[in-house]
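Welcome! Here is a short tour of a single chain, from its overall make-up down to a few residues worth a look in your viewer.

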Amino acid sequence: MEPLTEKQIRSSFVNCSKGEAARLKLPADFAELPWQDLDFLGWRDPGAPLRAHIVLPPRGDGGAGGRGPVGITLRVPDNARTSAIKSSMCQVCLTGHASSDVMLFAAPRAGAAGREGNTVGIYLCADLACSLYVRGKRQPPLRARYEESLAPEERVARMLGNLTAFTDNVMSPR
């Protein structure tokens, strides 16, 4: 992923107001992010612990068929009752974790549907580090790992496809 500026990130959000986007806190380590290992930017808001944010890179050629970065704001459950013994799988990167390391994130839909309270949910890695798991740069603390025959590039493409489908669902006027 190419590095994004603070202005690009704040203007990318499709499911919150401009004021909310202006107030959100960027990751504490924003200046040191490993952009070369990221396929999307995801973080828990240090100023609002029950908020998280995801920003997908621009897609397309940048011309009329493409679009700029797309940001989604997410709500985090405040009392996640999960087990450290059972396992769960992230719906984006398909990494297996202890259930306590996968959370249901809820995103308000964009536009009028979101203002009416409609949301879309997805189970994600609690630390939003899917790119690092897919690339093998971070390992989940599970004892038994799932082995895949896909190459890292294929896992990245699958992950981006899953995340793009979720983002498109958030932006759908349903």
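Buried means under 20% relative accessible area, exposed means over 50%, and partly exposed covers what lies in between, with a 1.4 Å probe and protein chains only. At 9% relative accessibility, T95 therefore counts as buried.

Two notes on the background. This is a predicted model, in which local features need pLDDT of at least 70 and side-chain atom pairs count only at pLDDT 80 or more, while totals for chains, interfaces and linings use all residues. Residues are numbered from 1 along each chain as its sequence is written, and side-chain values use heavy atoms, leaving out hydrogens and water.

**The chain as a whole**

Five helices and seven strands make up the secondary structure; both are DSSP runs numbered from the N terminus, with helices being H or I of at least four residues and strands E of at least two. Starting at the N terminus, the order of elements is α-α-β-β-β-β-β-β-α-β-α-α. Of the 174 residues, 41% count as buried. The accessible surface is about 9500 Å², and carbon and sulfur atoms hold 51% of that; such areas come from the Shrake-Rupley method with a 1.4 Å probe, and for residues only the protein chains shown count as cover. Contact means heavy atoms within 4.5 Å. Among contacts with a separation of 6 or more, 57% link residues 24 or more positions apart.

**Residues to look at**

| Residue | Relative accessible area | Class |
|---|---|---|
| M89 | 40% | partly exposed |
| Y123 | 41% | partly exposed |
| W35 | 10% | buried |

T95 sits in the loop between β4 and β5 (96-98). Setting aside residues up to four places away in sequence, T95 touches S88, M89, C90, Y133 and P140.

M89 itself belongs to strand β4 (residues 87-89). Together with L94 and Y146, M89 makes a nonpolar surface patch of about 270 Å². Patch members have over 30% relative accessible area and no salt bridge, and nonpolar side chains (Val, Leu, Ile, Met, Phe, Trp, Tyr) are joined within 5 Å, like charges within 9 Å. A salt bridge is a side-chain nitrogen of Lys or Arg within 4 Å of a carboxyl oxygen of Asp or Glu.

Y123 lies in strand β7 (residues 119-125). Beyond its neighbours within four places in sequence, Y123 contacts M89, C90, Q91, V92, V102, M103 and L104.
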